[in-house]
Amino acid sequence: MTDKTSNTLLDQPKNRNSASGKKKTGATAETMAGKQRDISISEFFAKNRHLLGFDNPKKALLTTIKEAVDNALDACEEAHILPEIYISIKQITENKYQVVIRDNGPGIVKRQVPNIFARLLYGSKFHSLKMSRGQQGIGISAAGMYGLITTGEPVEVVSRTSSKHHGYYCKLKIDTAKNRPVIVEEGQEEDFPHSTGTAVTIILEGRYNKGKQSVDEYIVQTAMANPHAIITYDSPDGEHYEYQRQSSEMPFIPIEIKPHPYGVEVGMLYQMAQDSKTKKLPEFLNKEFSRVSVNLAKKITKDAGLSLSLKPSKASLPEIDQLHKVVNETKIMAPSTSCIGPIGEERLEEGIRRVVEADFYATCTRRPSVYRGNPFLVEAALAYGFQNGSDKENRDDDTKQLMQLKRIANRVPLLYQQSAGAIHKAVLDINWRNYALSQSKGALPAGPLILMVHVASVWVPFTSESKEAIAHYPEIIKEIKLAVQECGRKLGVYLRRQKKIKQELAKRSYIKTYLPHIGDALKDILELSEPQTEDVIAKLADTLERSRKF
Ligand SMILES: Nc1ncnc2c1ncn2[C@@H]1O[C@H](COP(=O)(O)OP(=O)(O)OP(=O)(O)O)[C@@H](O)[C@H]1O
């Protein structure tokens with residue numbers, strides 16, 4: 001033992017409770033204050049990457065593709081351009097992949113490119129009450145940050161905003177401590193294949209698998225929910241997939257709206273009133289919310305026992321509380337449909353036909369409804385009885401397979417946390433035996449059946465930032481059930497009819513089998529000749545055939 005060590009060891013108890021009686025002091029508010037500082041959002045998410053869907057290499061690969069494809073589709077929709085999306089994934093080493101996503105959208109102006117791809121919480125959608133795939137302004141920059149952390153490689157972006165100019169090219173890194181972009185390299189790109197658009201390349205640690213929660217599955221479901229898009233995909237195993245556009249009609253373009261007053265919480269209403277530049281309460285209600293006419297705004301104010309000339313920013317919390325109560329008791333028109341873009345029943349069927357050839361299809365698009373002031377609507381599409389691929393092999397034993405549930409939110413497939421979300425809950429709450437399907441308790445129904453449920457909203461209430469499952473709002477669950485039940489009823493009618501047909505065909509074939517024996521018996525009893533017997537049998541067969549109902 002060296003002197004130094006022994007000293008240290010001897011020193012320790014002294015320090016803890018020394019002879020001089022000096023105790024080692026804990027932290028004080030002052031010393032703690034020295035350590036208290038802002039945490040940059042990027043530092044926070046770099047440590048908590050699982051919150052954004054980067055928990056493991058497989059999921060990280062999917063999340064990266066998803067963020068870029070969602071942005072590409074959003075940008076095309078906003079610019080009223082029919083999307084052409086190209087996706088490529090290449091394996092570089094065992095767990096290192098390069099992904100490229102290119103679109104023919106409007107492109108991004110040069111000065112915004114660094115902030116969009118290398119700064120978290122920077123985007124155009126957070127403050128707008130309009131249906132879009134992205135909402136938080138985190139997605140693509142988080143994917144770039146994940147790539148940088150796991151491989152050290154910067155994000156590469158090409159953006160072209162006009163056919164008159166070449167594209168702008170840059171390589172970017174995020175400075176996580178400051179949540180600010182750093183341009184590593186920039187220049188001109190002369191080979192961009194569209195007149196406008198964006199291409200992003202990210203190199204990241206990932207893992208590529210096929211199956212339920214794979215990139216391939218996400219792309220199939222994206223094609224299903226976006227029949228207006230051309231999607232081309234080169235997978236790491238050398239496969240080339242092309243989903244051709246089903247219809248060249250632009251999908252419904254959602255417009256931005258003001259919040260609907262139903263369900264806006266008291267605190268939020270109070271804050272809005274405090275911040276409002278309007279002069280009187282009725283004007284506040286009329287100008288800052290949708291579906292509140294001037295007369296209705298006056299009525300609400302009066303019913304709340306408040307003065308029509310009360311300035312919103314001067315209203316007290318109890319006054320706003322009263323106003324809030326009356327708002328929720330008053331019948332207010334449902335929000336306008338213009339803010340939410342349903343896929344629509346016809347397109348839903350086209351979308352599902354794009355990926356599965358089935359015997360029967362049913363669709364339902366519900367009217368918009370509201371949760372917590374946010375308009376939303378639910379659609380469902382169902383395909384029964386597959387004709388293609390491995391599904392055909394299972395066809396005779398329908399009980400073997402459970403329903404395949406495809407969950408879509410604002411046209412984006414959700415692949416993780418199925419059982420945690422509102423869609424799964426609503427589907428389980430339905431008694432599928434009513435629709436001629438078998439179902440075990442607490443399980444999805446059995447059968448060669450795909451059910452796609454689309455929830456569209458100006459703000460989808462996800463259970464987490466990684467946007468994997470929709471929260472259990474009773475209003476949303478109710479609407480999902482109504483849409484699915486509508487499809488279920490149509491399926492029930494079809495299946496019962498099919499069952500009847502099957503039964504009748506079975507009976508007929510049974511009778512047909514016995515016709516020669518009946519002939520023999522008739523020949524004996526009635527002493528018929530051979531031609532007479534044949535004649536009677538032919539007549540019987542003909543009557544049987546003509547009496548067919550199906
Ligand atoms: N391919 C693209 N073409 C045009 N604009 C884009 C493209 N990708 C991203 N943007 C712009 O960059 C912004 C930030 O994108 P980002 O993915 O970080 O967040 P978001 O899509 O707004 O929300 P979320 O975090 O929910 O995905 C978008 O709001 C959009 O304005």
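Visitor: In which sense do strand 3 and strand 4 pair?
Guide: This is a predicted model, where local features need pLDDT of at least 70, side-chain atom pairs count only at pLDDT 80 or more, and totals for chains, interfaces and linings use all residues. Residues are numbered from 1 along each chain as its sequence is written. Strands (DSSP runs of E, at least two residues; helices are runs of H or I, at least four; both numbered from the N terminus) pair if DSSP finds at least two bridges between them. Strand 3 (residues 155-160) and strand 4 (residues 167-175) share five bridges, and their sense is antiparallel.

Visitor: Which residue of strand 4 is the bridge partner of Val155?
Guide: Strand 4 covers residues 167-175. Within that strand, Val155 has as its bridge partner Leu172.

Visitor: Which are the edge strands of the sheet?
Guide: The sheet is open, with eight strands in the order 5-4-3-6-2-1-7-8 and mixed pairing. An edge strand here pairs on one side only, which holds for strand 5 (180-189) and strand 8 (240-243).

Visitor: How many residues of helix 9 are buried?
Guide: A residue counts as buried if 20 or more other C-beta atoms, placed from the backbone, lie within 10 Å of its own. Among those that qualify in helix 9 (residues 281-288) are Leu281, Phe284 and Glu288. The helix is mostly covered, and of its eight residues the buried ones number seven.

Visitor: What distance separates the centres of domain 2 and domain 4?
Guide: Domain bounds come from an automatic or database domain assignment. Domain 2 spans 266-329 and domain 4 spans 499-546. Taken over C-alpha atoms, their centres are separated by 81 Å.

Definitions and conventions. A residue is buried if 20 or more other C-beta atoms lie within 10 Å of its own, exposed if 12 or fewer, and partly exposed in between; C-beta atoms are placed from the backbone.
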